[in-house]
There are 6 protein chains.
Amino acid sequence: MKMVDVGGKEKTERVAVATARLRMQPATLERILQGQVEKGDVLAAARLAGVMAAKRTPDVIPLCHPIALSGVEVVPTPVEDGLEFRVTVRTVDRTGVEMEALTAACAAALTVYDMCKSVDRGMVLERVQLDHKAGGRSGTWDRGEGS
Amino acid sequence: MKMVDVGGKEKTERVAVATARLRMQPATLERILQGQVEKGDVLAAARLAGVMAAKRTPDVIPLCHPIALSGVEVVPTPVEDGLEFRVTVRTVDRTGVEMEALTAACAAALTVYDMCKSVDRGMVLERVQLDHKAGGRSGTWDRGEGS
Amino acid sequence: MKMVDVGGKEKTERVAVATARLRMQPATLERILQGQVEKGDVLAAARLAGVMAAKRTPDVIPLCHPIALSGVEVVPTPVEDGLEFRVTVRTVDRTGVEMEALTAACAAALTVYDMCKSVDRGMVLERVQLDHKAGGRSGTWDRGEGS
Amino acid sequence: MKMVDVGGKEKTERVAVATARLRMQPATLERILQGQVEKGDVLAAARLAGVMAAKRTPDVIPLCHPIALSGVEVVPTPVEDGLEFRVTVRTVDRTGVEMEALTAACAAALTVYDMCKSVDRGMVLERVQLDHKAGGRSGTWDRGEGS
Amino acid sequence: MKMVDVGGKEKTERVAVATARLRMQPATLERILQGQVEKGDVLAAARLAGVMAAKRTPDVIPLCHPIALSGVEVVPTPVEDGLEFRVTVRTVDRTGVEMEALTAACAAALTVYDMCKSVDRGMVLERVQLDHKAGGRSGTWDRGEGS
Amino acid sequence: MKMVDVGGKEKTERVAVATARLRMQPATLERILQGQVEKGDVLAAARLAGVMAAKRTPDVIPLCHPIALSGVEVVPTPVEDGLEFRVTVRTVDRTGVEMEALTAACAAALTVYDMCKSVDRGMVLERVQLDHKAGGRSGTWDRGEGS
């Protein structure tokens, strides 16, 4: 187990997009969207938590390189049975930012869980996945439609 | 948005159990179970990452109270289409440990993703959920069979 | 230089209230209050940053004890020449939470600075001060009117 | 709310200078300067706390980029009614270091507060402000005399 | 690998004493003691670094419980061939503080290494060891003379 | 005390190798090597703890620059009276990685101590030292045979 040496790789622009879904009761989604959650603005907290978690990724994922993130955005969108979080992370560095995007997506969704759990403890975090990456030696990767 | 005051609650024994599944290609699971992943012992890393992430939860989930965890265990088990992580967190404190269990489950699974992503970038983290909690004013909660 | 031993003190309910003011141009305050800052909801970010910073206080203030905060609230209010942040921190522990309240007040105000600095780099953080503390051996303290 | 993408900016030498004042009773200042504070060398602690806080800035200010600081210096100076802290932070990166300088100034001053609060709880942190920045697309900025 | 459950243990007063020695060239020790190290007051920095590292122990030692430290003191003493660091950590909690004392001793000594390495890169950290512990189920332990 | 400005230095490939020895009872070493330690896979935990600690170095060593590590490896080897940890850290940056290598070596060894202390509290961490560094203005340095 080691943090593999990436010193020989070039610094290139890289991007990763990850998504996650938090499935919840319709009444919970309703409350969130109407700003009626007692603990406050859930979506603002989720966005911020996602950005901050992206920066903490090397502390949470043991073999992840500490890198300079150039941008992080977390966009929550209401979907049929809950919320989808779409996270985009960018860097100009020697290694990719897939782990940062996935970690941010989890943190954003769990922040919503935390703020709403007193009314809906059964929420489930589903389909945390990488959707797209580009840049670096392994090039572009896109999740296929059917996967 | 505030961290609600729990000073009036009593310190009681509390436990939370969360699970998560990482769906992967059969060949990836095979490699993990046979210890053939180039980056090292994936399951050992996942267990450790989960324990450490449980301790970092208040840094990652904005409104989560910093509490004294008395025990954390992460158990990975092979399932049909990947790995299941079952996390048990215990405390004797004024607030529950659901968020610690969920955060640990995500970190454990994402650590596996990180160590195997070069051979299976399409892995999906599924069904991160609370399965059981006990202790505290809101008492015991168990996820029903059909949920 | 040492972290003094508080093991002989009793655990009691303690509270600390700190305030800080961020002086800014009228147009900046206007933008914040009308939600027109390009970087997003400034007051939500400030509240959250304050809560999170309160939890990080022992990492930032070298001789501060790590304690279990039972509640943290950050309330921003528009005042004549900017924003006032009023932070209330509570614990049931062996030492007070003055440093947590002051640290949270600074972090909340600096978060506003960060999000608005591109339009008003001259903002000044003024009067970061303890206003009230209660609990513990040294008892209650209140800032006098004229100080 | 997002951490804006700075990937398109060039890495340039950047510097930021921030100052803060901690107003205190004359007897408190006297004690500090004569090394008679029971908790130890206050000014050494403040300098170190400032440097360490500069490194923690992206953990404390939510939308702040994690960047490689090339130098940090905290200089405390006695002034009429207390201490002034002058912080200089340097980097060669894609974004400025104003937030690092301001955060370090707050941490240095609050460290003094922490070490002396048992004898002077009424100390007030005043005028935390950016005094100078240079480098980057927005160029040089200096606080005017009268501001 | 798990963080073992200590929830069934009683909270008792506990103390741990650890020591470490940093062996160095006589000229290096001389410089430190006479305050001639270019980077500043080495012993003040070491004391502070030790205290702060004690608080970070659960982040650095994976299976270590996060506990409320009630006191930490780091005392550097000149010895024949360098410096000895004696660290005392106290808590009133369910588990001991041996790891906190050992971690603080290493951090204090390595801080001296860092500040003096440009003039004496060959310094060696020797004999980092637990000297005494008391409290808790396993009771008192003292290192024997000859060990 | 300041974090000296390295902004004028060039980014070059740098490497540092540090070693540490944990002296223990023969029975303890035996248990570790045969995987019979109750707390789990000690060597896997030590490797991971070392890598993670390398990344946390600027949080633990006050004047250490935050830099982008390109690789970290911790290799434990059984020796006559215990375990030796050999840590290699690499970067392409403006300052060296000696402190990261030394910090990782301590963390790896202390993790073993933590996991085995219930059966062998007398273990001693010996000879934590830099063995080799290369790159940067001060060039290559190797510890001589007799030191």
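Predicted model: local features only at pLDDT ≥ 70, side-chain atom pairs only at ≥ 80, totals over all residues.
The size of an interface is often given as the accessible area lost when the parts come together. Chain D and chain F bury about 1500 Å² between them. Carbon and sulfur atoms account for 58% of that area. On the side of chain D, three residues lose the most area to chain F: Leu48(D), Lys55(D) and Ser70(D). Together they make up 33% of what that side buries. The contact involves 16 residues from chain D and 17 residues from chain F.

Eight residue pairs are in polar contact across the interface of chain D and chain F, both residues being at pLDDT 80 or more. Helix 2 of chain D gives the largest share, seven residues. By type, the residues on this side of chain D divide into eight nonpolar, six charged and two polar.

Two salt bridges are found across the interface of chain D and chain F. Arg56(D) forms a salt bridge with Asp59(F). The closest N and O atoms of Arg56(D) and Asp59(F) are 3.6 Å apart.

Strand pairing also links the chains. Strand 3 of chain D is joined by two bridges to strand 1 (residues 2-3) of chain F. The two strands run antiparallel. Within this pairing, Glu73(D) stands opposite Lys2(F) in strand 1 of chain F.

Methods
Residues numbered from 1 in each chain as written. Chains lettered and ligands numbered in written order. Heavy atoms only, no water. Contact = heavy atoms within 4.5 Å. Buried area = accessible area lost by both parts, 1.4 Å probe. Salt bridge = Lys/Arg side-chain N within 4 Å of Asp/Glu carboxyl O. Polar contact = N/O pair within 3.5 Å; in protein donor to acceptor, adjacent residues only side chain to side chain. Helix = DSSP H or I, 4+ residues; strand = E, 2+ residues; numbered from the N terminus. Nonpolar A, V, L, I, M, F, W, Y, C, P; charged D, E, K, R; others polar. Pairing = 2+ DSSP bridges.
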